[in-house]
Amino acid sequence: MRCPFCAHEDSQVKDSRPTEDATAIRRRRQCTKCGARFTTFERVQLREVTIVKAGADGTPQRREPFDRAKLERSVALACRKRGIGQEQIDQLVSGIQRQVETAGEAEVSSSHIGELVMDGLRQIDSVAYIRFASVYRDFSEARDFEEFASTVTEAGGAKAAQE
């Protein structure tokens, strides 16, 4: 494993343990050259999945490999300053990754992944859900936020009435 500080290619594993949701192995490493310590995560990858991104007109445009880190960054950005822990974000991302990999499809549309993220965020935090939706659905005016937020509060009111 290459050291992120000095780029030396040799490091020692100092500690290994499973993550809390048992979907990965967390390893603390120490570079044998500079002595810096860093953490790596080892996850099971069931298959290579390609994401198909749609163009402006809705037709398939670009294909790129599924990138867990990219998905995690976008979810973390939506959850920023909302009191949502990294563990919850990791669980959501791991669940989405598992769904995508076990679906049996070699190619998955980015819109499908967006919907999975929105479903997960809806259950965690309504503000993070609206933040993600604003980028995912490309809100262009304040009215778009108002309309979407009203559907969220209506759904929340209906959910509270059921309980």
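Reply: The protein chain has 5 helices and 6 strands, taken as DSSP runs numbered from the N terminus, with helices H or I of at least four residues and strands E of at least two. Their order along the sequence is β-β-β-β-β-α-α-β-α-α-α.

This is a predicted model, where local features need pLDDT of at least 70, side-chain atom pairs count only at pLDDT 80 or more, and totals for chains, interfaces and linings use all residues. Residues are numbered from 1 along each chain as its sequence is written, and side-chain values use heavy atoms, with hydrogens and water left out.

Now the pair. Helix α1 spans residues 68-79 and helix α4 spans residues 126-136. They pack at about 125 degrees, axes 8 Å apart. Axes are lines fitted to C-alpha atoms, for helices over the stretch in contact; angles run from 0 to 180 degrees between N-to-C directions. α1 and α4 are therefore oblique to each other: under 35 degrees is roughly parallel, over 145 roughly antiparallel, 65 to 115 roughly perpendicular, the rest oblique.

From α1, Ser74, Leu77, Ala78 and Cys79 make the contact (heavy atoms within 4.5 Å). α4 supplies Ala128, Arg131 and Phe132. These residues divide into 5 nonpolar, 1 polar and 1 charged.

Confidence next. pLDDT, the predictor's confidence in each residue from 0 to 100, averages 84 over the protein chain, and 88% of the residues score at least 70. Where pLDDT is low, the predicted coordinates should not be read in detail.

Notes
Ala, Val, Leu, Ile, Met, Phe, Trp, Tyr, Cys and Pro count as nonpolar, Asp, Glu, Lys and Arg as charged, and the others, Gly among them, as polar.
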